Amino acid sequence: MIKVGVVGMGKMGLLHSSILSSFENVNYIGFADDNKIMSDTFKKLKPAWIIQNDYKNFVQNHEMDILFITTPISTHYDIIKLCLKNNLSFFVEKPAFSSLEQANSISKCLDNFKGKSMVGYMMRFISTFVKAKELIDNNSLGKIRSFEGTMYISQLFKEGKGWRYDSNLSGGGVVVHQTCHLIDLLNWFFGHPSKVGAITNNWFSSDVEDHAHIIFNYDNNLTGWVDSTWSRFNKRMLSTRLHIEGEYGSLTVDDDSVKLFLTKDRSKNKKGWTSFSKIELGNGVDIDFGAPYYSTQNRSFIDSILDKSSNSNLKFHDIQSSIKLQSILSAIYKSSKNNGELINLGYFDE
Amino acid sequence: MSKKPSIILGSGQFIGVNHLSHEKGDKRANKFKNIDSVINLIGNAKDIGYEGIMFSTHPHSIEILKKISEDSNLNNSLYIYPNLPYIQKYVTGANEMGMIGFVFDMIKKGNTKSLLRASKGIITKNIFSLIKSLIEIELNSFKNVKMGTVFLHNVLTDMIVSLELDEILHLYIRHISETYGVKAGFVTLNLPKLSKYFREQNIEDSIVQAPINKIGFQMNPSLKSNLEIINNFKGKIIAMSTLAAGYIHPSDAYSFISKLNNIDSIIVGGSSKAHLLETFNLINREFSH
């Protein structure tokens with residue numbers, strides 16, 4: 001039985017608590033949250049849970065195998081450091097850091113860390129993107145030449161309130177809250193870019209960007225772009241789409257399907273068009289809460305702690321992956337300040 | 001042969017819900033941005049024999065409800081089933097102003113009575129007063145229509161089930177019954193878990209809406225475990241996602257469902273009179289075999 005606690009009982013804390021509570025091999029012990037309304041409410045509703053306002057007391061005084069960190073981004077750094085110090089495996093919601101300095105500082109503490117880590121880049125668990133990864137890895141498209149990605153939602157059409165819209169607390173706007181998911185998929189599919197350039201726009205927010213157009217260059221001549229905003233009309237749900245052009249055809253993947261076009265038979269796929277719907281690709285999950293991929297993500301991490309899944313570490317985004325991702329996010333903001341100049345990432349890479 | 005179920009029109013097509021394709025959903029929502037097109041379709045559904053319509057509290061649904069309430073012909077004939085709340089509004093609102101900030105913002109937009117009750121709830125840290133206020137605010141749009149069972153959105157239902165929030169579960173059932181004179185219903189994507197929890201809570205006459213289709217789409221953790229529960233369920237089951245978002249042919253879908261026990265109603269989508277009629281006749285035919 002894996003003992004799990006949560007820090008931060010906001011929207012994502014409730015989501016993970018609900019999923020984890022329903023896993024048969026998890027003992028959900030409770031949470032820490034400095035919001036008195038939340039903690040007092042749950043003290044009444046769930047008297048058996050451990051509920052504390054101070055996360056340090058919660059972690060240091062109670063036995064647990066994993067801590068789920070679902071607090072605002074600016075608080076992640078101190079909580080991650082506490083986990084590293086206590087060799088406590090942790091899951092942290094994305095993005096893990098609010099600055100490159102934080103990422104580099106954590107990087108220096110990882111050598112002695114004996115626990116496991118996962119960062120909540122849950123799009124790696126969406127069945128269509130998993131299928132796209134399989135088709136790229138089995139070389140169906142041959143050498144990849146270019147890609148175009150978009151990520152849109154109708155969310156913000158006036159100045160936002162709260163920590164998400166304060167760059168000092170969150171590290172940025174749509175790029176760190178939304179686009180980072182697509183950048184993570186690109187890293188997963190193609191490896192790390194050598195250069196990035198970006199133009200960002202503040203349409204409604206005064207302190208953070210509402211839109212970003214980002215160019216990616218890779219050492220193997222692959223090039224691509226991503227366009228992303230949270231202020232797009234007629235996008236009720238977050239809509240992510242990636243089109244990839246390769247030597248032997250193209251692939252378009254979104255939240256609902258994968259469409260493959262091949263100029264010749266490749267791997268197990270025939271020449272011409274082949275489509276894969278999420279309905280064909282999906283399976284039942286332990287509990288569908290929010291979306292099935294949150295459950296798959298949490299299951300994957302729990303199984304890796306139980307050593308039940310031999311290759312789960314290859315699949316999910318751990319804290320080391322986030323250190324690299326942070327270098328890309330930092331370069332995007334640097335480029336934006338320099339009118340879209342391409343920033344060389346070589347010196348960021350290991 | 002199972003008892004012929006009542007047929008309820010879903011409203012997802014009016015606001016762009018399509019579980020197979022975001023793009024198709026957005027296109028369909030554009031078609032129904034004209035409220036007269038929506039009211040026409042609802043009138044068609046009533047004439048064909050649909051028993052009612054399910055509505056969330058999406059802003060467009062609220063406009064539609066207002067129109068229905070002004071049309072005595074529609075309003076007296078159709079049951080309106082609320083599905084509380086339009087959860088995307090809460091997700092987006094929580095992203096914009098934090099979860100607690102959003103709840104306070106919702107309460108500020110309510111009427112004086114709900115505001116007073118909520119203020120008292122905040123001062124006394126009484127979550128139950130806050131929940132009652134939110135229900136009142138959400139159901140305000142339904143006060144002038146013939147309201148049927150009030151369903152709780154699957155995210156909230158499944159949170160109550162997985163966290164075993166016993167007091168909130170019973171409060172919801174009691175409050176809906178005592179205040180609005182109708183039954184409380186629940187939407188879930190995790191029927192076996194819900195069924196087990198409700199049994200532990202001695203709730204046997206529940207009304208539960210869940211995905212039911214032959215390929216197991218949205219039926220967690222598995223098709224098999226769901227079917228075992230459905231066939232032995234003590235309460236009423238309302239089938240949704242019966243076509244698996246259009247993946248299954250309607251005749252196959254309803255033939256499959258007609259062989260199950262305990263299906264009280266079926267929720268269907270439809271974007272034209274012909275489509276609504278075809279679905280209605282097909283369900284009746286499959287359940288007459």
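What follows is a conversation about how terms are applied to a predicted model.

Modeller: Since this is a predicted model, local features need pLDDT of at least 70 and side-chain atom pairs count only at pLDDT 80 or more, whereas totals for chains, interfaces and linings use all residues. Residues are numbered from 1 along each chain as its sequence is written, chains are lettered from A and ligands numbered from 1 in the order in which they are written, and side-chain values use heavy atoms, with hydrogens and water left out.

Biologist: Why is A:Thr128 called buried?

Modeller: Buried means under 20% relative accessible area, exposed over 50%, and partly exposed in between, with a 1.4 Å probe and protein chains only. A:Thr128 has a relative accessible area of 0%, and is therefore buried. This residue belongs to helix α6 (residues 127–137) of chain A, where helices are DSSP runs of H or I of at least four residues and strands are runs of E of at least two, numbered from the N terminus. Leaving aside neighbours within four places in sequence, the contacts of A:Thr128 (heavy atoms within 4.5 Å) include A:Val253, A:Asp255, A:Lys278 and A:Leu281.

Biologist: How do you know that A:Cys83 is in no disulfide?

Modeller: A disulfide is a pair of cysteine sulfur atoms within 2.5 Å, and the structure holds zero of them over all chains. For A:Cys83, the nearest cysteine sulfur, that of A:Cys109, is 12 Å away, and A:Cys83 is in no disulfide.

Biologist: What makes A:Cys83 buried, and what makes A:Cys109 partly exposed?

Modeller: A:Cys83 has a relative accessibility of 0% and so counts as buried, while A:Cys109, at 30%, therefore counts as partly exposed.

Biologist: What makes β14 and β15 of chain A edge strands?

Modeller: Two strands pair if DSSP finds at least two bridges between them. In the open sheet of nine strands, with order β14-β13-β12-β11-β7-β10-β9-β8-β15 and mixed pairing, β14 (272–277) and β15 (343–344) each pair on one side only. By contrast, strand β7 (residues 144–152) of chain A is joined to strand β11 (residues 239–246) of chain A by eight bridges, and these two run antiparallel; one bridge links A:Ile144 with A:Gly246 in β11(A).

Biologist: Why is α3(B) described as largely enclosed by the rest of the structure?

Modeller: Ten of its 14 residues are buried, so α3(B) is largely enclosed; among them are B:Ile35, B:Leu41, B:Lys46 and B:Ile48. Just after α3(B), B:Gly49 takes a positive phi of about 125°.
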